[in-house]
Amino acid sequence: MAKNRTPLMAGNWKMNLDHHEATHTVQKLAWTLKDAKHDFNAVEVVVCPPFTDLRSVQTLVDSDKLEIGYGAQDISAHAKGAYTGEISAAMLAKLGVGYAVVGHSERRQYHAEDDALVGAKAKAALAADIIPIVCVGEGLEIRQAGEQVAYTLAQVDGAFDGISEQDAARSVIAYEPVWAIGTGEVATPEDAQEVCGAIRGRLAELYSAEVADAVRVLYGGSVKSGNVATIMAQPDVDGALVGGASLDPTEFAAIARYQSHDVGL
Ligand SMILES: O=C(CO)COP(=O)(O)O
């Protein structure tokens with residue numbers, strides 16, 4: 001069955017590239033895609049730089065009328081007030097931010113974020129019309145025990161608890177098996193499909209067939225231009241959340257076009 005969801009290619013830069021480098025990278029990405037006559041309506045392209053880059057990226061995107069979207073890597077669950085170091089959804093919305101990654105495994109691991117907090121962040125994003133990219137995925141031990149589906153679906157249940165059908169329908173979920181992040185150990189297309197398909201099935205149970213059909217489920221973990229096409233061929237994979245390979249604009253442009261690009265990554 002043909003997918004009727006617009007694929008989304010999102011680059012998570014993590015803690016890389018200052019605001020000067022961000023400007024160069026987004027410019028080069030835009031030019032490369034323009035040269036290739038990329039249809040941004042056919043495949044959406046988004047970068048998620050560090051917070052300190054967002055204003056520069058906004059200025060560039062606005063002044064050059066780029067079709068590249070941009071998102072944040074995290075968002076506060078709180079609206080405002082005495083939360084030192086946090087960035088609110090309203091502040092991000094003011095910068096034209098369209099997406100926010102929530103619950104990335106690195107935040108779960110290093111900042112002890114649990115499903116309840118991830119859900120609260122997703123709700124804060126949605127309330128400001130920012131689309132949350134809710135990250136889920138199992139670690140190596142869970143995978144070795146064959147528990148990846150149950151584990152990941154429990155994360156989906158927790159993160160979407162209390163989120164309305166309408167809000168769920170415009171959310172994005174990224175399945176990122178922790179063992180495949182930054183390791184070069186990409187999940188097989190079948191591994192990705194197994195869990196992405198199960199996530200869609202769970203959305204149908206939690207909400208409705210319409211919500212399950214609307215939500216974009218991304219795969220993330222060592223995605224490169226050389227493996228993106230087979231991953232994207234899976235029926236329930238609607239895009240990729242790309243870490244390391246998104247720092248190279250030529251490579252990320254190739255990924256967005258599902259085309260192999262030999263940069264030796
Ligand atoms: O964590 C990731 C994206 O959020 C994946 O990172 P890599 O693409 O570097 O494996």
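Let me begin with the shell of residues around the ligand, which divides into five nonpolar, eight polar and one charged. Please keep in mind throughout that what we are looking at is a predicted model. In total 14 residues surround the ligand, and the closest are Asn-12, Ile-181, Ser-222, Gly-243 and Gly-244.

Ser-222 sits in the loop between S7 and helix H11, which covers 228-232, and its phi is near 60°, a positive value in a residue other than glycine. Is Ser-222 buried or exposed? Ser-222 is buried, because 21 other C-beta atoms lie within 10 Å, and the cut-off for calling a residue buried is 20 or more.

You can compare that with Lys-14, which is found in the loop between S1 and helix H1, residues 19-35. Lys-14 also has a positive phi, near 55°, in a residue other than glycine, but with 19 C-beta neighbours inside 10 Å it counts as partly exposed.

Let me turn now to the strands, starting with S7, which spans residues 216-220. Five of the five residues of S7 are buried, so this strand is largely enclosed by the rest of the structure. As a general point, the side chains in a regular strand alternate between the two faces of the sheet. In S7 both faces are covered, with Arg-216, Leu-218 and Gly-220 on one side, Val-217 and Tyr-219 on the other, and all of them buried.

What does S7 pair with? Strand S6, residues 172-175, runs parallel to S7 and is joined to it by four bridges, and here Tyr-175 has Tyr-219 as its bridge partner in S7. S7 also pairs with strand S8, residues 239-242, in the parallel sense over two bridges, and in that pairing the partner of Tyr-219 is Ala-240 in S8.

If we follow the sheet in the other direction, we come to S5, which takes in residues 131-136. Six of the six residues of S5 are buried, so S5, too, is largely enclosed by the rest of the structure. Ile-131, Ile-133 and Cys-135 point one way, while Pro-132, Val-134 and Val-136 point the other way, and all are buried. S5 runs parallel to S6, joined by four bridges, and Val-136 stands opposite Tyr-175 in S6. S5 also pairs with strand S4, residues 99-102, in the parallel sense over four bridges, with Val-134 in S5 as the bridge partner of Val-102.

Which residues of the largest nonpolar core touch the most other members? The core has 80 residues, and those that touch the most others are Ala-100, Ile-133, Val-134 and Tyr-175. Helix H5, residues 115-127, gives the most to this core, with six residues. Domain 1, residues 1-72, and domain 2, residues 74-210, both contribute residues, so the core lies between them. As for Tyr-175, if we leave aside its neighbours within four places in sequence, its contacts include Val-136, Gly-137, Thr-152, Ala-192, Leu-218 and Tyr-219.

Where they meet, 13 residues of domain 1 are in contact with 13 residues of domain 2. On the domain 1 side, strand S1, strand S2, helix H2 and strand S3 each supply at least two residues, and the largest share, four residues, comes from S3. By class, that side of domain 1 has eight nonpolar, four polar and one charged residues.

Helix H2 also holds Asp-62, which is exposed, with 10 other C-beta atoms within 10 Å. The C-alpha atoms of Asp-62 and Gly-96 are separated by 9.4 Å, although these residues are 34 residues apart along the chain.

Finally, let me show you helix H12, residues 249-256, which is mostly covered, seven of its eight residues being buried. Among the buried ones are Pro-249, Glu-251 and Phe-252, and what covers the buried residues of H12 includes S1, H1, S2, H11 and S8. H12 is followed by Tyr-258, whose phi is positive, near 55°.

Methods
Residues are numbered from 1 along each chain as its sequence is written. This is a predicted model: local features need pLDDT of at least 70, side-chain atom pairs count only at pLDDT 80 or more; totals for chains, interfaces and linings use all residues. A residue is near a molecule or strand if its C-beta atom, placed from the backbone, lies within 6 Å of it. Ala, Val, Leu, Ile, Met, Phe, Trp, Tyr, Cys and Pro count as nonpolar, Asp, Glu, Lys and Arg as charged, and the others, Gly among them, as polar. A nonpolar core is a set of buried Ala, Val, Leu, Ile, Met, Phe, Trp, Tyr and Cys residues joined through C-beta atoms within 7 Å. A residue is buried if 20 or more other C-beta atoms lie within 10 Å of its own, exposed if 12 or fewer, and partly exposed in between; C-beta atoms are placed from the backbone. Domain bounds come from an automatic or database domain assignment. Two residues are in contact if their C-beta atoms, placed from the backbone, lie within 7 Å. Two strands pair if DSSP finds at least two bridges between them.
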